[in-house]
Amino acid sequence: MDVKEALSREGSYLAGEYDVIVTGAGHAGCEAAYACAKTGLKTILFTLFLDSIANLPCNPSIGGTAKGQLVREIDALGGIMGKIADKCAVQMRMLNRSKGPAVFSPRAQMDRNRYSASMKAELERVEGLDIRQAQVKELLTDPEGSKAEGVITESGAVYTAKAVVICSGTYMEARTIRGEVICESGPDGLPRSEGLSASLASLGIPMLRFKTGTPVRINSGKVDFEKLTRQDGETDVPPFSFENEMNGFRVAQDQMPCWSVWTTPETREIIRSNMHRSPLYSGVITGIGPRYCPSIEDKFVRFADKDRHQIFIEPMGRETSEMYLQGFSTSLPEEVQVKMVHSLPGLENAVIQRNAYAIEYDLVDPLSLYPTLESKVVEGLFTAGQINGSSGYEEAAAQGIVAGINASLKIRGEEPMVIDRATAYIGVLIDDLVTKGTNEPYRMMTSRAEYRLFLRQDNADLRLTPEGRRVGLISEERYRLFEMKKKAIEDEIERLKNTYTGPTELLGQILEQASSVNPPSGISLADLIRRPHVTYDMLAPVDTGRKPLSEDITKEVETELKYEGYLKLEKEKIAKFADLERKLIPSDVDYDSIGGLRLEARQKLGKLRPVNLGQASRISGVSPADISVLMVYLEMRRRSEKENG
């Protein structure tokens with residue numbers, strides 16, 4: 001439906017004209033709206049319920065393995081998630097410390113209510129951003145249905161825009177399921193989005209349906225913590241936000257503990273005897289669920305060889321007794337959930353405050369998107385978050401900032417921002433979705449990133465802050481501090497490479513602590529740091545010429561030196577990767593006319609329309625031989641156009 005037709009409806013009216021409309025105020029929508037408004041565009045953000053902005057309906061935590069890298073990258077670009085997470089954390093930890101810096105991943109337990117309220121308050125202060133509680137029913141386009149031009153709400157209010165970003169999360173035509181009880185609602189019993197999914201489908205946008213879920217919440221009052229294993233936070237973890245880090249922010253010292261427990265044979269028996277009532281296996285649930293975050297009943301089926309599974313009991317905030325049972329999501333009936341909870345040691349008398357549920361929802365097939373997250377079907381329409389087939393707050397927020405930035409750049413007539421796999425986890429996430437697609441909720445993992453030694457959480461600012469500055473999200477002052485940090489790292493690495501020390505008694509004592517031997521002759525401090533177990537701080541007594549530097553700088557220096565050889569090899573691989581990414585494929589290529597391409601390759605390339613050879617090479621069904629044929633074709637076409645032109 002076009003704007004003119006929408007305004008002709010009885011009861012409809014023109015409610016506002018904007019540069020960008022963002023619908024859905026989850027983590028994707030918040031980042032998208034923030035990015036658009038901060039780059040000077042008049043923006044409106046729609047939400048079904050104002051008090052659920054940036055809601056944390058599943059686990060109230062931010063970060064984790066690979067997800068922590070995403071949060072740091074969002075912040076490096078100028079996003080907001082990291083700053084709010086730092087402010088609202090009740091526990092902070094660095095995961096994977098034993099595995100090396102390539103996979104270090106910060107994770108923070110959130111004060112759930114405070115996080116949502118803080119995000120709402122922050123967005124309300126952003127100049128040029130309006131926030132509106134309303135349900136968007138339809139996308140409005142030009143008369144041909146090929147270009148997004150606005151939306152209409154359930155009240156008949158028509159809003160026009162130059163670009164629309166849809167971040168509907170798990171709300172489109174959602175229904176929650178607990179055993180035989182099915183409710184047409186979104187997460188936490190909130191209203192669902194109705195009509196928007198059908199509107200998108202009517203425009204020719206391919207749609208899918210997925211399933212996810214959330215675990216039980218209990219009151220801590222009747223929990224016997226003596227039977228649980230305590231897990232305390234860490235105070236030496238850097239904040240998510242690089243800006244906070246540069247300003248001397250430190251994580252809270254009075255952190256709340258988390259706890260863990262294992263399921264029992266009784267738990268297993270309760271689940272097994274009630275499997276016939278599980279909507280997941282009775283056929284009630286038709287959506288595809290997440291492989292890497294299965295329900296507890298699914299765990300016992302998939303991993304039949306395991307007698308027990310670990311459950312984490314985590315606080316929901318400082319001013320509530322509610323606790324979350326991570327790893328205990330289920331769609332079994334309520335009375336079964338009570339028995340399951342009471343079968344866990346320490347929770348024999350626990351009181352459930354919110355039951356677990358499964359939720360089904362509609363989404364867009366991500367293969368219908370460009371790497372900018374703009375629709376291939378409707379120009380000016382961008383989608384981000386779980387509507388694109390991902391799972392997780394961090395994956396959603398990462399897509400949100402990319403969609404918001406590209407909507408802004410498109411309106412401003414500037415080059416789009418495409419982050420590739422060699423530059424950021426964000427690039428891996430988006431490339432996987434738009435190139436490979438997904439048949440289940442996609443979760444980011446470190447193993448998905450080929451260049452993860454380079455894509456560390458500590459250097460996200462070095463990789464992405466210049467791009468954040470280019471698109472207008474990094475302030476002049478923040479960029480000045482960033483450049484000072486970058487120079488300090490480079491200068492210190494150079495100094496260490498050119499500072500030598502001899503085999504002194506003091507050095508021998510220091511190296512003995514690291515099970516290392518005293519060098520037979522002079523050696524650079526850089527070479528000493530490259531040795532296993534030798535750290536930058538350890539060499540302070542023999543490095544009398546060093547200047548005081550902040551910990552984020554010294555850690556970066558140490559990592560760069562220790563892994564210099566590996567990083568050099570990785571950069572060589574990245575250079576080869578970049579060569580393919582730079583070879584653009586014109587949008588008007590007729591793949592059926594290219595001799596030598598296999599039939600499957602022609603069909604896949606014609607359907608997905610890759611933007612460059614790199615993306616083409618990652619499409620399932622396109623072989624290296626097909627890429628060679630395509631390279632020859634593109635070179636012949638380039639020469640022909642040059643001769644004729």
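The following questions and answers explain how several terms apply to this predicted model. Residues are numbered from 1 along each chain as its sequence is written, and side-chain values use heavy atoms, without hydrogens and water. Local features need pLDDT of at least 70 and side-chain atom pairs count only at pLDDT 80 or more, while totals for chains, interfaces and linings use all residues.

Q: Why does Cys36 count as buried?
A: Buried means under 20% relative accessible area, exposed over 50%, and partly exposed in between, with a 1.4 Å probe and protein chains only. Cys36 has 0% relative accessibility, so Cys36 counts as buried.

Q: What makes Tyr18 and Tyr159 an aromatic pair that is tilted?
A: Rings of Phe, Tyr and Trp (its six-membered ring) pair if their centres lie within 6.5 Å; planes under 30 degrees apart count as stacked, over 60 as edge-to-face and the rest as tilted. A search of the whole structure finds six aromatic pairs. In the pair of Tyr18 and Tyr159, the centres are 6.4 Å apart and the planes at 40°, so the pair is tilted.

Q: Why is the pair of Phe46 and Tyr159 called edge-to-face?
A: The ring centres of Phe46 and Tyr159 lie 4.9 Å apart and the planes stand at 75°, so the pair is edge-to-face. Ring pairs link Tyr18, Phe46 and Tyr159 into a cluster.

Q: Why does Phe46 count as buried?
A: Phe46 has 1% relative accessibility and therefore counts as buried.
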